[in-house]
Amino acid sequence: MKPSTLCRLTLVACVSLAPAAALKADPGSRLWATGGVTTIEGTAGGGLVPWALMSGYASDEEWGGTLTLSRAETDDFTLNVTGAALNWRNRIELSIARQTLDLDTLGAALGQDELSQDIFAAKVRLAGDVLYSDYGQWSLGLQHKHQREFDVPEAVGAEDDRGTDVYLAASKLFFAAVLDRNLLVNVSLRGTRANQGGLLGFGGDRNDSYEAMLETSAGILLNRSWVVGAEYRQKPDNLGFAREQDWWDVFVAWIPDRRLSVTAAWADLGDIAGLEDQRGLYVSLQGTF
Amino acid sequence: MIIVARTLALAATLALATACATSNRSGDSTLYQGLGERSGIAKIVEDLLYRIVEDDRIAPQFKGIDVVQFHTNLTDQICEISGGPCTYTGRAMTEVHEGMNVTETQFNALAEQLILAMEENQVSTSAQNRLLGRLVELHPDITHR
Ligand code: HEM
């Protein structure tokens, strides 16, 4: 990532998050780090994998929300994400996100310099609490994704310009589990037809039906403001023109205060649209109100 | 031969028993010591009380309580839970919190104040995590009653 990118992100984040912080005095009562961060799909989770945790820190008598800016830079692509989420009583999470994938290398050849989609998502906490229930916290989520320019995905064999992912997620924190540090474990099962998360459309010539994908992550809370961990996300492989790989990343999140979190990750996104080994740095800034 | 085997077996059993006893005792008492023993716990609970009074989310619930009794009983409870030589003589958790309808927000608020009180008293992250892991077991007996 270029050094200027982080500066720019920080500036934009401060300018856009300040009004939200002013809107509400208190970001909520749930304990530090139990809101997770925001995924590239706008849902509370890690960077790539949705968790059962609800966005922000609202507890059962409260509401709240988050605003997030994220950016990933690989050899041939740059992904920018802007997202916002609302949490009502730690029960329902509603979120929107816009993803823009700059085709740094392919742009000239394709005559289009970006792929873009909007994601409207909802998550409901079905049962349990990540800290207080022996069986952990269980949530069910939907992500409705809508392509903004479908020409390129269509040309490479995608069937639809919109699609809805459904996932069931479980999260549990084990107190003092690793060297007396708290361990957070998440497992999600997603039903999806999305190609590269939807940026290359939905369904394809190789496969056009829903498939179940496993997504997992684990993080260790070094203390209440630092979390380190890793994520893995299984993906479909629907398009004949280029293979698609699973994603994984290792991350570190800094949560100096409930109002702010900064996440950095090293992500391996596999081959994308025939360009091999897309790996790079991911940075995400989140403000909570 | 048999005698040697028996002696060995006995020695092994004894060694194991001692190891277990020591590891049990040291395992438990490290947490108790990590919290600063009974006097350290009493100080944490005292700081917790000041914090409760200042916290609008929970202060109303504690209005008019017998502060000395609460301090003694919560100190003894944490002392016992952390493996210290105390015996909790207060009422059962379900009985104490009956009719209070403690919400998740309030439970979280109290947990937050306890963590901050422990930090104020330089309790290590390890000891904090271990105590919290034991206290959250009480969550079902305390909330929504
Ligand atoms: C891990 C969490 C908690 C633990 C371990 C705990 C423990 C205790 C203990 C040991 C007592 C003294 C019992 C006695 O004197 O017989 C007590 C009393 C009390 N607790 Fe809790 N408690 C917890 C959470 C809460 C919460 C979240 C609230 C409300 C916001 C609450 C409200 C009270 C009140 C008002 C009393 C005084 C009752 C009385 O003296 O009649 N507690 N608690």
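The model is predicted, so local features are given only at pLDDT of at least 70 and side-chain atom pairs only at pLDDT 80 or more, whereas totals for chains, interfaces and linings use all residues. Residues are numbered from 1 along each chain as its sequence is written, chains are lettered from A and ligands numbered from 1 in the order in which they are written, and side-chain values use heavy atoms, with hydrogens and water left out.

**Chain B**

Select chain B and colour by secondary structure: there are seven helices and zero strands, where helices (H or I, at least four residues) and strands (E, at least two) are DSSP runs numbered from the N terminus. Of its 145 residues, 41% count as buried, that is, under 20% relative accessible area with a 1.4 Å probe and protein chains only. Among contacts in chain B (heavy atoms within 4.5 Å) between residues at least 6 apart in sequence, 75% join residues at least 24 apart.

**The ligand**

Next, select the ligand and show the residues around it, meaning those with a heavy atom within 4 Å. There are 22 of them, and the closest are Phe62(B), Gln69(B), Asn73(B), Arg91(B) and His97(B). Helices H3 (67-81), H4 (93-96) and H5 (104-120) of chain B each supply at least two residues of this shell, and H3(B) gives the most, with five residues.

For the polar contacts (pairs of N or O atoms within 3.5 Å), display distances from the ligand. One of its oxygen atoms is 3.0 Å from an N or O atom in the side chain of Gln69(B), an oxygen atom is 2.9 Å from a polar backbone atom of Arg91(B), and a nitrogen atom is 2.9 Å from an N or O atom in the side chain of His97(B).

**Gln147(A)**

Move to chain A and select Gln147(A), which is found in strand E7 (residues 137-147). Gln147(A) counts as buried because its relative accessibility is 6%, and its side chain reaches the backbone oxygen of Gly198(A) at 2.4 Å. Not counting residues up to four places away in sequence, Gln147(A) touches residues including Ser116(A), Pro153(A), Asp161(A), Gly198(A) and Phe202(A).

**Gly191(A)**

Finally, select Gly191(A), in strand E9 (residues 181-192) of chain A. Leaving aside neighbours within four places in sequence, Gly191(A) is in contact with Thr164(A), Asp165(A), Val166(A), Tyr210(A) and Glu211(A). A distance drawn between the C-alpha atoms of Gly191(A) and Leu79(A), 112 residues apart along the chain, reads 23 Å.

Conventions. Polar contact = N/O pair within 3.5 Å; in protein donor to acceptor, adjacent residues only side chain to side chain. Buried < 20%, exposed > 50% of the residue type's maximum accessible area, 1.4 Å probe, protein only.
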